[in-house]
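Colleague: I have the model open and a few things to ask about it. Can we go through them one by one?

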Amino acid sequence: MFSSASSSGSSLRRSGSSVTDYTSSTLTCRSYHPLPARLQDDIQGKHSCDVTLFDFVTRVWGIDPDVAGHILSSKGWTLLPEPLRLYSAARREPQMYVPFAEIAESLVKDARKEVREFLTRRKATLKAQTGMETSIYFWSKLGDTILKSALTKRKPDMLVVKEEVVDVTPTWLLVRQVIEFKRKSKSLQGIVPTASSSTSAYPPALNPTASSSSAAGSSSGIRVPQVSSVASSASGTKRSRTSKAKNAAPRRTTRSKDSTTPATASSGGRSADPAPSPAGSQKRKNSGTHGGGDAKRVRTSDKVPKVTADQVQLAIYALECLDASTRHYASGVFIDRFKVSLWYYDRSCVISSVLFDFHYNPEQLALVLYALSACDDKHAGFDPLLVLPATRSPRPKDHLHWQDVVDAEIDLRTLNPSSERGRFRLEDTLFAYRGLIGRGTMVYQVTPLIDGLKDCNSEALKISWPPLTRPLEADTIQRLHERLQPQWREHIPEVTFSATQTAEQLNLPRVELLKTNPIDKFEDRLLHALAMKLYGKLWDVGSVEAFQGVFVDCVECHYHAYVDAKFLHRDLSENNLMFKRGDGGTVKGILNDWDMASYVEANNEIPLSTATHRTGTIPFMARDLLADDDPPPHLFRHDIESFYYILVWATLHYDFAGKRRLPIVSAVKNWDAPTFKTARNDKKIFIIDEDERNQVFGNVPLEHEALLPWLTSLGVLFHKGYMSWQQDRGSPGWDNDTLGGHITFHNFMAALGRIPR
C-alpha cells in the first residue's frame with residue numbers, strides 16, 4: 001500500500017461536471033449534480049466487459065496462474081447448507097450479508113488448505129504464494145453505517161479490510177475491495193445452469209482437466225460478522241427448493257447440459273492428486289495473453305452495455321477509494337443474489353468480468369474469495385510509494401475523508417532518479433478530483449524531505465493522470481519559462497520536481513487485460529507528479545486592491561503566454577488565478593494549472609487535434625463552449641470571457657477581509673447548472689440583457705463597490721461583441737476570433753482602465 005510505517009473526452013469541471021473544486025484550509029466543495037448520472041456518462045465508451053475470471057484474478061489481484069487454475073479445476077467445493085438457505089431465502093439485502101460472510105469463510109479456509117497442499121505436491125515454496133495471504137475481514141454493518149465522505153453519505157454493503165480495523169468503522173483510505181449486493185436476480189428456485197458455466201472462468205483456449213480434492217480445514221484468516229437477528233429472521237421465510245436437499249449434500253460432478261442439480265456441496269474428502277493446472281506461468285509469460293493467440297474481441301462503445309444504476313453504486317465506492325489517496329486503481333465484486341461479476345476501476349477505464357453463478361459454480365467463488373485473501377497491497381491498487389504513519393495526529397470530527405492521508409510520506413525519487421528531491425510529507429489535501437475517468441487530479445500541501453535540510457517551506461504536490469497525447473504540464477511550464485521575458489516569468493509557477501510513469505511501467509492490470517478485450521478509441525493515460533511552490537488562493541489575498549493587482553497580472557501573463565510563448569491556457573477558473581507575496585509584502589499574481597494548455601501555431605491558431613477537445617470549469621466557461629454537442633474550436637477570446645466570469649464570481653462571493661468564500665448567490669447559481677443548455681442560456685441573458693446584468697450586480701457587497709466600474713465596462717464590451725455576432729456575422733471582413741474586433745486583450749485592458757505593460 002502504501003506500506004504501513006511498522007494515484008478523448010471532455011475535460012470538464014464544475015464547481016462540478018466530473019470534477020469539483022476544493023481548496024485548502026476549509027477544503028470546500030461545490031456540487032449540485034447527481035453523482036450516479038455523472039458517473040454513468042463518465043464510464044460510457046470507456047468500459048471493457050467480459051474479461052475472463054481467470055484473467056481478472058491473475059492480472060488485477062496478482063494470483064499465481066497455476067494456483068488459480070488449480071482452484072478452478074478442483075472439485076467438491078462446499079457451500080455451507082444452512083447459510084446458503086438463509087442467503088437464498090433473504091427478502092432484504094441486509095439479510096444476505098452474514099450468511100454470505102459465513103459461506104466465504106468456509107470457502108477461503110478450504111481454498112487456503114487446498115493451495116498449500118497443491119504447492120507442497122508441486123514442491124513449490126509456500127512463501128511464494130501463501131506468504132501473500134493476509135488476515136482480512138468482511139466488514140459489514142448491515143449496510144447501515146456511513147463511511148465519512150465529502151459529497152456522499154454512502155452505506156456500503158460489505159468491505160474487504162485488514163483485520164486491524166475490525167473493531168472500528170474503516171475509512172475509505174484503508175478499504176481494499178468493495179462488495180455490493182443486490183437481490184434482484186431470482187433465488188434458487190427455477191435456476192437452470194448452463195452447460196458452459198463451469199468453464200466460463202477461463203480464456204477460450206484453456207480447457208481445464210477435472211479432478212477431485214480433499215476438503216479439510218485450517219484457519220482462513222478471515223473474520224466474519226456475528227449472525228444478527230436481522231439475518232436469522234430470514235429462516236422464517238419460505239424455503240427455497242434447493243434448501244430442502246441440504247442434508248443430502250450431493251457430490252459436485254460433471255453435469256450434462258440438461259442437469260438441474262446445483263453444485264452446492266460435497267461432504268466427502270478430496271483426492272490426494274488433483275490434476276495439473278490448465279495454464280502454466282511460462283505459457284502465460286510467452287503468449288502475453290491467456291488465450292494463446294486468440295483474436296482480439298473488439299468491443300466498441302455501442303456494443304458494450306451501459307452500466308446499470310446498481311453497478312454505478314459500486315463505481316461510486318471505487319471513486320471514494322481513489323479519492324482517499326494517490327491510489328492507482330480500485331476493484332470490487334458485484335453480487336446480484338447468485339450472479340457475480342468483478343470490476344476494476346482506474347483513471348482510464350472500467351473493466352468488468354464475465355458473470356458467473358456461484359451456486360452452480362462454487363469453485364469460481366472459491367477462487368474470487370481466495371484471491372481477495374491473497375491479494376497484496378499493490379494488487380489491491382494502493383500506491384506502493386505512499387507510506388502511512390504508524391500513528392496519526394488527531395483529526396477533527398468534521399474532517400473530510402481525503403484528509404485521512406495527512407501525515408503520510410510519499411517517495412517519488414524512483415520515478416526520477418536524477419533528482420535529489422521527490423520525498424514529501426503530506427500536510428493537507430487542497431484539491432480532489434470528483435470524477436472516475438479522467439485526470440484524477442489530487443493536490444496536496446506537502447513538506448519536502450531533503451537530506452541535510454531542515455525547515456523546508458511547504459510546497460504543492462500535484463498527482464494526475466493526463467492523456468498520453470497531451471503535453472505534460474511540467475514541460476509546458478518549462479517552455480513558458482524559456483520563452484517569456486523575465487517580467488512575465490515571475491507570474492508562472494516555479495516547478496521544483498516532476499516525474500512520470502506509464503501504465504506499462506506501473507504494471508497496471510489494464511495493460512494486459514485490454515489486449516484481449518480492447519476499448520474502441522481508448523485514451524491511454526500516464527501518472528504525472530509535479531511539485532511547485534505553494535501559492536495563495538484569490539480569496540486569501542486580503543483586500544480589493546490586492547485582488548485587482550493579482551487579476552491584472554494574470555490577464556497580462558495570459559496574453560504574453562499566448563503571443564510570445566505560443567500557449568493558450570484553456571482552463572481558467574477561480575482556482576487557477578493565484579498569488580505570491582514578495583519582499584515587503586508585495587503581492588504578485590500567478591497563473592497556474594497549465595495541464596490543459598494547447599500549443600499555438602505561428603498563425604495564432606490551435607491545432608485542430610486539440611482545439612475541439614472541450615475543457616474548462618463550467619461556471620467560468622465561455623458561452624460558445626457550452627454547446628451540448630460539437631463545441632467550436634477554443635479561441636483566445638473564450639479565455640478572455642472566462643476572465644470576465646471569474647471577476648463577476650469573485651466580486652459576488654469573496655470576503656477578502658475574512659479570507660473566505662461566501663455561499664453562491666442565487667442570481668448566478670445557473671452558471672453551474674446541471675446541463676450545458678441551462679448554463680449557456682443564463683449567460684446569454686446576462687450578456688445581452690442590461691437589466692439582467694444590473695440585477696446580478698445588485699448583489700455586489702458594499703465593500704466591493706470599487707470593482708463595479710470594471711464589471712460595468714466589461715459588461716458593455718461583451719454585450720457589443722455578442723450583439724455584433726447576432727447582427728453582423730457573415731458580413732465581409734467580420735472577424736469571429738474577436739467578435740467583430742470587440743473582444744481583444746487591449747479592449748479588455750481598456751475596460752479595466754489599465755495600460756498594458
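Colleague: What lies over the face of tryptophan 725?
Modeller: This is a predicted model, and in it arginine 623 lies over that face, at 5.9 Å from the ring centre of tryptophan 725. Arginine 729 also has its charged end over the ring of tryptophan 725, 3.8 Å from the centre.

Colleague: And aspartate 728, where is that?
Modeller: Aspartate 728 is in helix α20, which covers residues 708-728. Its relative accessibility is 33%, so aspartate 728 counts as partly exposed.

Colleague: How far is aspartate 728 from glycine 740?
Modeller: In sequence, 12 residues; in space, 7.8 Å from C-alpha to C-alpha.

Colleague: Back to rings. How many aromatic pairs are there in the whole structure?
Modeller: The search finds 30. One of them is tyrosine 329 with tyrosine 344, with 5.0 Å between centres and 45° between planes, which makes it a tilted pair.

Colleague: Which parts does that pair tie together?
Modeller: Tyrosine 329 is in the loop between α9 (309-323) and β7 (330-336), and tyrosine 344 is in strand β8 (residues 339-345), so the link is between parts 15 residues apart in sequence.

Colleague: Are those two tyrosines buried or exposed?
Modeller: Tyrosine 329 is buried, at 3% relative accessible area. Tyrosine 344 is buried as well, at 0%.

Colleague: What about tyrosine 644 and phenylalanine 718, how are their rings arranged?
Modeller: Their planes are at 5° and their centres 5.0 Å apart, so this pair is stacked. Tyrosine 644 belongs to helix α17 (residues 636-653) and phenylalanine 718 to helix α20, so parts 74 residues apart in sequence are tied together. Tyrosine 644 and phenylalanine 718 are both buried.

Colleague: Which residues do ring pairs link into a cluster?
Modeller: The cluster consists of Phe620, Tyr644, Tyr645, Trp649, Trp671, Phe686, Phe697 and Phe718.

Colleague: What caps the N-terminal end of α3?
Modeller: Aspartate 64 does, with a side-chain oxygen 2.8 Å from the backbone nitrogen of aspartate 66.

Colleague: Now the sheets. What is the order of the 7 strands in the open sheet?
Modeller: The order is β11-β12-β13-β14-β15-β17-β16, with antiparallel pairing. The edges are β11 (386-387) and β16 (495-501); each has a single partner strand, so one side of each has no neighbour in the sheet.

Colleague: Which helix packs on that sheet?
Modeller: Helix α11 (residues 473-483) does, touching β15 (459-464), β16 and β17 (527-533). The direction of α11 makes about 40° with that of β17.

Colleague: Let's look at β14. Over how many bridges does it pair with β13?
Modeller: Over 7 bridges, in the antiparallel sense, between strand β13 (residues 423-432) and strand β14 (residues 442-448). Phenylalanine 424 stands opposite proline 448 in β14, and arginine 425 stands opposite threonine 447.

Colleague: And with β15?
Modeller: β14 and β15 are joined by 5 bridges, again antiparallel. Glutamine 445 has alanine 460 of β15 as its bridge partner.

Colleague: Why is β14 described as largely enclosed?
Modeller: Because 7 of its 7 residues are buried. Both faces of β14 are covered, with Met442, Tyr444, Val446 and Pro448 on one side and Val443, Gln445 and Thr447 on the other.

Colleague: How many bridges join β18 to β20?
Modeller: There are 2, between β18 and strand β20 (residues 577-581), and these strands run antiparallel. The bridge partner of lysine 537 is methionine 578 in β20.

Conventions:
Residues are numbered from 1 along each chain as its sequence is written. This is a predicted model: local features need pLDDT of at least 70, side-chain atom pairs count only at pLDDT 80 or more; totals for chains, interfaces and linings use all residues. Side-chain values use heavy atoms; hydrogens and water are left out. Helices (H or I, at least four residues) and strands (E, at least two) are DSSP runs, numbered from the N terminus. Buried means under 20% relative accessible area, exposed over 50%, partly exposed in between (1.4 Å probe, protein chains only). Rings of Phe, Tyr and Trp (its six-membered ring) pair if their centres lie within 6.5 Å; planes under 30 degrees apart count as stacked, over 60 as edge-to-face and the rest as tilted. A charge sits over a ring if NZ of Lys or CZ of Arg is within 6 Å of the ring centre and within 35 degrees of the ring normal. A polar contact is a pair of N or O atoms within 3.5 Å; within protein, one must be able to donate a hydrogen and the other to accept it, and residues adjacent in sequence count only if both atoms are side-chain atoms. Two strands pair if DSSP finds at least two bridges between them. Contact means heavy atoms within 4.5 Å. Axes are lines fitted to C-alpha atoms, for helices over the stretch in contact, and angles run from 0 to 180 degrees between N-to-C directions.
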